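Here's a quick briefing to read with the model open beside you.

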Amino acid sequence: MLSKALLRLGGGAARHPWRVIAAWLIAATLAVLAAIAFGGRTADSMTAPGLDSQRAAELIERAGTGQEGMTAQVVVTPLDGGATFFDQGSARTALTRLETEVKRLPHVLGTSDPAGALDAPGDSAVRGGLVSADGRIAVVRVQYPDQSRLSAEDLDALVELGDRLRAELPLRIEMGGNLFYAFSDPDGGVSELIGLVAAAAILFLAFGSLVAAALPIGMAVFGLTVGVATMTVLAGVTDVPTFAPVLGSMVGLGVGIDYALFVLARHREYLALGLDPHEAAGRAVATAGRPVVFAGGTVVVSILGLAVANVPFMTVGGLAVSIVVLTMVVASVTLLPAFLGAAGARLARTGRIGRIGRALHAGKPGRLAGRRDTVAGAAPAAGWRRWIGHVSRHPVPYAVGAAGLLLTATLPVLGLRVGLPDDGSQPHDRTQRRAYDLVAEGFGPGTNGPLVIAADPAGDPGVLDRLVGAVAADPGIASVAPTHIDQATGIATLVVFPTTSPQDKATADTIARLRTGVLPTAIGHGPARAHVGGATASLSDVGQRTSQRLPVLVATVLAMSFLLLMLVFRSILVPLKAVLLNLLSIGAAYGIMVAVFQWGWGGSLIGLEATVPIVSFIPMFLFAILFGLSMDYEVFLLSRVREEYLRTGDNGKAIVEGVSGTARIITSAALIMVAVFLSFAVADDPSTKMFGLGLATAIFIDATVVRMVLVPATMTLLGRTNWWLPRWLDRMLPRGPVGTDGADADTDTDANTDTDTDTDAESTGETPRPWPVDH
């Protein structure tokens with residue numbers, strides 16, 4: 001059984017700690033060496049099969065124009081602040097040299113010619129797209145092949161050229177484009193360090209020991225090293241999105257320290273009972289390790305469920321994050337008990353629990369009647385017991401008030417708008433933001449997000465003229481560049497510039513209008529076809545697909561969570577309540593994200609410089625991760641409540657003792673996660689901010705409003721029906737070791753009399769009997 005396997009694994013690691021630590025050192029070294037030798041850098045590929053933008057890319061690739069590849073833009077203006085124009089001698093010479101140098105870079109297929117455009121002042125379609133009307137801002141557009149033939153070295157080469165030319169030319173040079181989006185290094189580093197320091201402080205306050213605080217941090221660092229290095233190796237095989245290392249670090253640190261906290265707390269309880277450190281470590285892994293394996297497995301399965309979106313970069317990103325979580329689970333049941341064994345008795349604590357433990361082992365259990373809560377788990381603090389008792393005595397106002405609060409926080413979700421923040425949301429100290437602002441100033445905001453229309457006339461010579469005229473007449477289009485026609489295939493490409501910025505909702509509306517009205521009308525009912533592509537259209541399409549598939553993921557995860565909790569707690573209403581409350585807390589987190597990022601409420605507190613839409617794939621990622629993370633709190637708390645109920649048969653007492661008995665450990669674990677996640681909310685990238693704030697908000701709400709108010713209030717209102725399960729369903733459900741502290745009997749090799757009593761007392765009519773007590 002799982003408990004016995006974890007008992008042997010944890011006990012063996014504790015008895016031979018240096019062997020296990022050495023094995024992890026070797027594994028970490030090999031993982032890092034493999035990452036250096038075979039790893040790749042992260043890259044974003046915002047494509048998915050079946051999308052209209054993907055069909056446009058396929059047409060462009062077939063034509064061989066090169067416009068299906070990556071692009072960059074170099075935006076320049078004279079350093080003298082506008083006294084010089086590009087049609088003057090020195091400025092034009094500098095612009096020509098810049099273009100020549102850029103064209104020589106590796107893998108560059110071609111560049112635009114703003115210096116040449118100066119000779120055609122009457123052609124606004126040409127000059128207006130390359131040199132501003134006032135002659136002070138010029139754009140060199142750089143065309144690269146598709147992403148599969150590029151690497152981060154191409155971005156490095158462009159950036160290094162810009163740094164060199166800034167010192168040699170009288171120009172202000174800024175750069176942007178989707179080459180930066182695809183290959184820029186993600187945020188991290190400082191955020192991870194801040195998260196580790198905050199977690200260490202909370203652990204020290206929780207345990208009052210530097211050694212106890214250091215062990216979870218050390219385990220998390222080991223696990224993160226192996227997990228992220230493995231992710232880097234994966235990036236050498238396929239495109240791992242740039243957000244994956246940041247999200248993996250964020251979630252990995254949170255769950256790793258969280259899981260270590262559960263095991264360490266149980267280990268110290270066993271030490272206080274007088275057990276040998278090796279045996280205490282083994283039993284801690286066997287008892288607290290079960291929820292860790294269960295919760296970690298749920299997180300992994302939930303994140304892998306992102307494959308339902310049918311968006312490759314999300315599937316790979318979910319796989320990469322799952323690798324880090326899985327590594328943390330393995331470290332929790334192998335490396336951590338090795339640390340515990342090496343620390344020995346230094347982790348033992350004295351005081352009331354220690355005295356009770358010595359009394360037990362002195363053969364005086366009678367003196368401990370009614371004190372089992374203190375021995376089996378963390379002693380419920382009087383303050384927590386009073387609070388939970390107060391809530392249980394007034395369940396209706398607290399249930400209504402807390403639910404109303406969360407529903408109110410959820411209301412902004414009605415205004416949720418998904419998209420992808422453009423470079424206009426970057427900090428001002430980044431060249432991408434400065435390039436964006438210059439382009440918007442000189443050419444209009446839509447120039448930062450051109451659309452590429454690919455058309456196959458299919459032998460109809462009049463299609464292209466009708467197409468260009470119809471597109472140019474659309475109110476959302478500012479200008480249309482000259483049509484490029486491939487002579488071999490007849491496929492035409494039109495670069496069009498919207499009137500609005502890439503992240504503006506009006507741009508998405510323009511794309512939809514082109515596809516549903518403008519293009520079909522211009523093409524007619526013949527065999528010709530046309531598709532809207534380009535980076536802006538691709539990002540819009542991915543956002544729509546994730547929004548469409550989110551309900552499928554939600555339904556799948558909810559159903560899976562309900563079934564797992566029903567198996568663990570042999571109840572219908574408890575898992576149903578848990579699923580609904582989790583859904584409510586996640587909805588509130590979504591609402592707060594909308595208020596901060598879309599409405600700007602408190603955005604300055606996390607360094608948000610402008611309002612932005614919610615990144616299209618983040619709601620789906622957050623739901624998968626949060627439902628998995630909430631499982632460990634759910635199992636930990638409800639296990640204790642059910643244990644007390646089976647012991648006493650008193651629903652009210654079980655709620656008070658169970659919730660208050662787990663309040664301290666849940667609060668400490670939640671504080672650690674919130675601290676880690678908030679450390680990422682102050683990063684520069686808006687996507688990282690959204691992940692950090694969304695996860696921190698949801699965990700905070702889950703551990704406070706939900707666990708400490710709604711759970712006791714609703715369970716009090718439901719009464720004994722909490723544990724109702726029809727007899728026919730009870731007979732059908734399989735029984736196993738998954739779940740609760742009551743399965744501790746599996747680890748009691750010296751006692752066989754108290755077997756697992758995981759039967760439903762109400763369905764059998766028997767008086768509830770206590771689950772076994774640790775000996």
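The protein has 29 helices and 11 strands, taken as DSSP runs numbered from the N terminus (helices are H or I with at least four residues, strands are E with at least two). This is a predicted model, so to speak: local features need pLDDT of at least 70, side-chain atom pairs count only at pLDDT 80 or more, and totals for chains, interfaces and linings use all residues. Residues are numbered from 1 along each chain as its sequence is written, and side-chain values use heavy atoms, with hydrogens and water left out.

**Confidence**

- Mean pLDDT (the predictor's confidence in each residue, from 0 to 100) is 81 for the protein, and 87% of its residues reach 70 or more.
- Residues 350-378 stay under 50 in pLDDT, and the model gives them 45 contacts beyond four places in sequence; a contact means heavy atoms within 4.5 Å.
- Residues 737-775 are also below 50, with 93 contacts in the model beyond near neighbours in sequence.

**Overall packing**

- Of the 775 residues in the protein, 59% are buried (buried is under 20% relative accessible area, exposed is over 50%, partly exposed is in between, with a 1.4 Å probe and protein chains only).
- Take the contacts between residues at least 6 apart in sequence: 81% of them join residues at least 24 apart.

- All 6 of the 6 residues in S6 (residues 451-456) are buried.
- That goes for both faces: Leu-451, Ile-453 and Ala-455 sit on one side, and Val-452, Ala-454 and Asp-456 on the other.
- S6 runs antiparallel to S9 (residues 492-498), joined by 5 bridges, and Leu-451 has Val-496 as its bridge partner there.
- S10 (residues 529-533) also pairs with S6 in the antiparallel sense, over 5 bridges, with Arg-529 as the bridge partner of Asp-456.
- Pairing here needs at least two DSSP bridges between the two strands.

**Helix H15**

- H15 (residues 335-343) has 8 of its 9 residues buried, among them Leu-336, Phe-339 and Leu-340.
- Those buried residues pack against H1 (2-15), H2, H10 (210-235), H11 (243-272), H12 (277-287) and H14 (312-333).
- Gly-344 comes after H15 and has a positive phi, near 65 degrees.

**A nonpolar patch**

- Ile-26, Leu-30, Val-32, Leu-33 and Ile-36 make a nonpolar surface patch of about 500 Å².
- Patches take residues with over 30% relative accessible area and no salt bridge, joining like charges within 9 Å and nonpolar side chains (Val, Leu, Ile, Met, Phe, Trp, Tyr) within 5 Å; a salt bridge is a side-chain nitrogen of Lys or Arg within 4 Å of a carboxyl oxygen of Asp or Glu.
- Ile-36 belongs to H2 (residues 17-38) and counts as exposed because its relative accessibility is 65%.

- Most residues other than glycine have a negative phi.
- His-107, not a glycine, has a positive phi of about 70 degrees; it lies in the loop between H4 (89-103) and S2 (110-111) and is partly exposed at 43%.
- Asn-310 likewise isn't a glycine, yet its phi is positive at about 55 degrees; this residue lies in the loop between H13 (289-304) and H14 and is partly exposed at 34% relative accessibility.

Terms used:
Accessible areas come from the Shrake-Rupley method with a 1.4 Å probe; for residues, only the protein chains shown count as cover.
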